[in-house]
Amino acid sequence: MILACQNISKSFGEVEVLKNINFHIEERDKLAIVGVNGAGKTTLLRILLGESRPDNGTVVRAKDIRIGYLSQHQDISFQNTVYQEMEQAKGYLIRMEQRLRELEEEMKHLSGDELDRVLETYNRLSTRYDRENGYAYESEITGVLKGLGFSESDYDRDIQSLSGGQKMRIALGQLLLSHPDVILLDEPTNHLDMPSIHWLEGFLSGYPGAVIVVSHDRLFIDRVSNQILEIELGRSTLYRGNYSFYREQSEKKRQDAWKAYLNQQAEIRHEEDVIRKLKQFNREKSIKRAESREKMLDKIDRIDRPEEVHSEMRLTLTPVTESGEDVLFAEHLAKAYGENKLFEELGIDIKRGEHVALVGGNGTGKTTLLKILARKLAKDAGTVTLGAKVRMGYFDQENQDLDMEKTLFDEMSDTFPEMNNTRIRNVLAAFLFTGDKVFQKIGDLSGGERGRVSLAKLMLSPANLLVLDEPTNHLDIPSKEILEDAIRNYTGTVLYVSHDRYFINQTATRILELRNKVLTSYPGNYDFFEENRDKLYQLQNGDNPYADNNQSTTKSGFSIVSTESYARETNAGGKEEYLQRKEAYAQERKRASDRRKLEKQVAAAEAELEQIEQEMNLPENGTNVELLTKLTTRQQELEEQLLEWYEQLEEV
């Protein structure tokens, strides 16, 4: 054990954020901490680091361990070049190397005991230098820089000339090169492109020390972690496995809790029904039996209704009208900023019902292309054509569609003047804005809250083509899953840019990769793209063995390779596997939807039953035969319906 939390609790005012958190990690453990926004994940990291003190409990650290930390708001006021700053992390090796050179010079002029003494020092220092991999520190620096997306031409750049995201990558690189015993990372993938995230996954998976990471990147967590610590309603649960294992087990735990609760509720209601009927007989024997059953019922250890983490965002995307088969067509598109040509002669063709993810490295022009297609940015050349009956809705990651000076309420009422005050409040409540929050200025909201406002406006729009730029930015995992479910079930057309590979895997039916100023099409989700990326890129943009018989060309001159031919010749079977996965996802979505619907029906019926019982017990209703008959009939209907729903829930 190198690090452990023992009964850690922490409150801010009257809000208890952490309640008796317990876990420990060993030398090579990779632990991911998950939970909704505000669950206390970053607070727990700061307690582990010693920057914050818990109200109760202790953090136990092994002797002499070194902890490295990368926060979401890292100090990035560097003054060196890129390479010089990375060398800072290896400063002790550089000083060690300099000392070795000095000793080598000294030994040239020494003899006898003095030589032996210096030689002993040299050997000891040389052994340590070798053990610390000093002879390879330069290649390690260049390897980390390359992995984080820096080219050799960047090495001599002044860090002050870099973007905020690039500076954060420098801070991450420094941390990785310092080789602490425990690495603490708070949202490390926020400023990385997909190749850099993939490299970081490999680096951390093979890291000889321990890693504790907070991240909303589920695929990253899945590939890096061997333990998941879930913080829910202040309490922690440890799952020994990766994210996929955690999802499966946490869902099973949730279902088991609901099943136990619903079964007991059914048992209690059955017993209460028997007691009520026994009392209705109004005989001494039956009344005694009823009283005996009541005593037994009072002794039951009642299961609390399973708690919900928070009021979930409710998002439904429904196109008002159906578009034609051809939704979006562009050809010969070009865009440059000065000497920097992002792309030229670019073409794109999207059909009704497609869910297309646009991916590519940072700086390739993905957001620029999206803005051109959405007619938010002028193109240098080319044409963009929308199909018949196409109505576009655009989601901007920078929330430029929002007026920062307006309140949430005014933003919605000005955008949708036909909506009354009640409807506006109901929509905002569906996106977790209630009470006085609706009168807060948009400029005072967090990034995630602004994103939810934009999603609310998108939901109310009459669009049948959604163009989304990083829609999952700032969303916690439950909110991402709600958005995923809404897009998967959306019958319109979607084109989006996202770095969230798990989100892409769940929602995309096709992927377009913008690489080397050309677009390459991949039929399927992210798994298929990752497996076949280079092969299909070569087929569509390099020497193409299928060109003579199986290649079709669009009006804009870019080729679409027959994926059936590719799958047949390479034995990839990608399309068939994708369709199977798609069907499995659809069945899983239906089960989840059925479960949620039944749970809501059960909750509503139970609430109505409780209301009926209260009305029946009112003194003023005691002689109202007509009302009591009506209430009793409704009570019996609800009880029968509840039993049926309980059985259906067990099946689901």
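Which residue stands opposite Leu185 in S7? The residue is Val213. The model discussed here is predicted.

## The mixed sheet

Leu185 and Val213 face each other across a strand pair. Strand S6 covers residues 182–186 and strand S7 covers residues 210–214. These two strands run in the parallel sense and are joined over 5 bridges. Strands of a sheet pair through backbone hydrogen bonds, in either a parallel or an antiparallel way.

S6 and S7 belong to an open sheet of 6 strands, ordered S5-S6-S7-S3-S8-S9, with mixed pairing. The edges are strand S5 (67–70) and strand S9 (235–239). Each of these has a single partner strand, so one of its sides has no neighbour in the sheet. From one strand to the next, the twist averages 15°.

## Salt bridges: Glu530 and Arg223

Side chains of opposite charge can pair when their charged atoms come close. The count of salt bridges in this model is 40. One of them is formed by Glu530 and Arg223, with the closest N and O atoms 2.7 Å apart. This pair links distant parts of the chain: Glu530 is in helix H17 (residues 526–541), while Arg223 is in helix H8 (residues 218–224), and the two are 307 residues apart.

Glu530 has 28% relative accessibility and Arg223 has 30%.

## Salt bridges: Arg352 with two glutamates

Arg352 forms a salt bridge with Glu322, where the closest N and O atoms are 3.8 Å apart. Arg352 sits in the loop between strand S11 (340–351) and strand S12 (355–359), and Glu322 in the loop between helix H10 (284–298) and strand S10 (326–337), so the pair ties together parts that are 30 residues apart in sequence.

Arg352 also forms a salt bridge with Glu325, the closest N and O atoms being 3.4 Å apart. Glu325 lies in the loop between H10 and S10, and Arg352 in the loop between S11 and S12, so this pair ties together parts 27 residues apart in sequence. As for accessibility, Arg352 is partly exposed at 32%, Glu325 is partly exposed at 44%, and Glu322 is exposed at 57%.

Key:
Residues are numbered from 1 along each chain as its sequence is written. This is a predicted model: local features need pLDDT of at least 70, side-chain atom pairs count only at pLDDT 80 or more; totals for chains, interfaces and linings use all residues. Side-chain values use heavy atoms; hydrogens and water are left out. A salt bridge is a side-chain nitrogen of Lys or Arg within 4 Å of a carboxyl oxygen of Asp or Glu. Helices (H or I, at least four residues) and strands (E, at least two) are DSSP runs, numbered from the N terminus. Buried means under 20% relative accessible area, exposed over 50%, partly exposed in between (1.4 Å probe, protein chains only). Two strands pair if DSSP finds at least two bridges between them. Axes are lines fitted to C-alpha atoms, for helices over the stretch in contact, and angles run from 0 to 180 degrees between N-to-C directions.
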